[in-house]
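Please open the structure in a viewer and keep the selection tool at hand. The stops below are meant to be followed in order.

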Amino acid sequence: MHTNGPSAPRLTDVGYIRELLERHGFRFSKKLGQNFLINPSVCPRMAQACGATPDTGVLEIGPGIGVLTRELAQVAGKVVAIELDDRLPPVLAETLAEHPHVKIVQGDCMKIDLHKLLTDEFGERPVAVCANLPYYITSPIIMNLLESRLPITSITVMVQKEAAQRLCAQPGTRQAGAVTLAVQYYAEAQTLFSVSRGSFLPAPQVDSAVIRLTIRPTPPCAVKDEKCMFRLIRAGFGQRRKTLVNSLASAGYTKQQLAAALASADISAGARAEELTLQQFARLADCLTV
Ligand code: SAM
């Protein structure tokens, strides 16, 4: 491990960042969600919160110019960072020159075989995910990490405040959505702290929050057919104002089938998706699975 001594590049100093990026001919891409962290207190807190130690590894998504990567490198035994923008690896080679246990992988985190990457790079070492996620693709990235059932311990990520509220909502509240229940199935979700829009260069239109999803060793409820349960959750929240008898018809069931299944699962005939817990969706799915 290396410490970020006085000679280390000042990655939260706007003047330094502009000079660095200009030297590399880099312009921010809105399309890739490039809002780099410039608040010096945020990255050390995130690195701490992800629970990395010299015996563990960290997978980062979207290192940008390496401001979080460098903090992760201070606490973790190894860091692997996936960056889509092929203009950034030369910048990272400069900013992370002092950290040989950081590896940059250029590619799309949605297309890379993450199981293989984790096995190849970390072997048996426990791995945490830590990232300031590109906002255009927050939920797909989180769902891909969870649904792939990667051997990871937790996901500590910066997301838009509204996304944080949805991902960490209590079921049965207005903020809850399909993604809330999906996350609950795989992890325990917690909002850690808020981060103002002024903490980024360029500043986005909205504030952010850091959340931590601690992966559950086993799901909180048993269900015969997970796919069926998630189909029901998506269909139910897709038309959340309708009662389940009406909204779940789009998942391919007749009203008679749904009314009978709701009765067997002991759920009110007039219930809407947002009133159900994950356990109730699991029971309903079991009643619809032959
Ligand atoms: N970690 C840096 C920081 O905190 O300053 C940059 C965070 S910025 C919000 C998101 C980063 O994700 C950008 O560097 C962007 O190029 C990268 N990115 C966008 N889409 C990606 C994808 N599909 N796979 C990997 N990286 C991606």
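The model is predicted, and residues are numbered from 1 along each chain as its sequence is written. Local features need pLDDT of at least 70, side-chain atom pairs count only at pLDDT 80 or more, totals for chains, interfaces and linings use all residues, and side-chain values use heavy atoms, with hydrogens and water left out.

**Cysteines**

Begin by selecting the cysteine sulfurs. How many disulfides does a search of the whole structure find? The search returns zero disulfides, a disulfide being a pair of cysteine sulfur atoms within 2.5 Å. Select Cys-130 next: it is in no disulfide, and the nearest cysteine sulfur, that of Cys-50, is 4.4 Å away. Cys-130 is buried at 0% relative accessibility; here buried means under 20% relative accessible area, exposed means over 50%, and partly exposed lies in between (1.4 Å probe, protein chains only). Then move to Cys-228, whose sulfur is 10 Å from the closest cysteine sulfur, in Cys-287, which is too far for a bond. Cys-228 also counts as buried, at 2% relative accessibility.

**Aromatic rings**

Display the aromatic side chains. The whole structure holds seven aromatic pairs. Rings of Phe, Tyr and Trp (its six-membered ring) pair if their centres lie within 6.5 Å; planes under 30 degrees apart count as stacked, over 60 as edge-to-face and the rest as tilted.

Select Phe-26 and Phe-28, an edge-to-face pair with 5.8 Å centre to centre and 80 degrees between the planes. Phe-26 is buried, with a relative accessible area of 5%, whereas Phe-28 is partly exposed at 30%.

Now select Tyr-186 and Phe-230, which form a stacked pair, 6.1 Å centre to centre with 10 degrees between the planes. Tyr-186 lies in helix H8 (residues 178-186) and Phe-230 in helix H9 (residues 226-238), so the pair ties together parts that are 44 residues apart in sequence. Helices (H or I, at least four residues) and strands (E, at least two) are DSSP runs, numbered from the N terminus. Both Tyr-186 and Phe-230 are buried.

**Pockets**

Turn to the open spaces. On a 1 Å grid over the protein atoms alone, a pocket is an open set of points with protein on both sides within 12 Å along at least five of seven lines, while a cavity is a set of points where a 1.4 Å probe fits but cannot get out; lining residues have an atom within 4 Å of a point. Grid points are joined across faces, edges and corners, and a volume is the space filled by probe spheres set on the points.

Select Lys-30, Asn-35, Ala-203, Pro-204 and Gln-205, which lie nearest the centre of the largest pocket among its 14 lining residues. The volume of this pocket is about 280 Å³.

For the second largest pocket, of about 180 Å³, select lining residues including Leu-145, Leu-146, Arg-149 and Tyr-186. Helices H6 (138-147) and H8 each supply at least two residues of this lining. Seven of the ten residues of H6 are buried, so this helix is largely enclosed by the rest of the structure. Among them are Leu-145 and Leu-146.

**Cavity**

The search gives one cavity of 30 Å³ or more, and the largest cavity contains about 370 Å³ of space. Select Ile-61, Gly-62, Glu-83, Asn-132 and Pro-134, which lie nearest its centre among 28 lining residues. Strand E1 (36-37), strand E2 (57-61), helix H3 (67-75) and strand E3 (78-83) each give two or more residues to this lining.

**Backbone sites**

Most residues other than glycine have a negative phi, and most peptide bonds are trans. Return to Arg-149, which has a positive phi of about 50 degrees although it is not a glycine. Arg-149 is in the loop between H6 and strand E6 (152-160) and is partly exposed, at 43%.

Select Asp-266, another non-glycine with a positive phi, of about 65 degrees. Asp-266 lies in the loop between helix H11 (255-264) and helix H12 (278-288) and is exposed, with a relative accessible area of 66%.

Finish at the peptide bond from Leu-201 to Pro-202, which is cis, with omega near -15 degrees. Pro-202 sits in the loop between strand E8 (200-201) and strand E9 (208-215).
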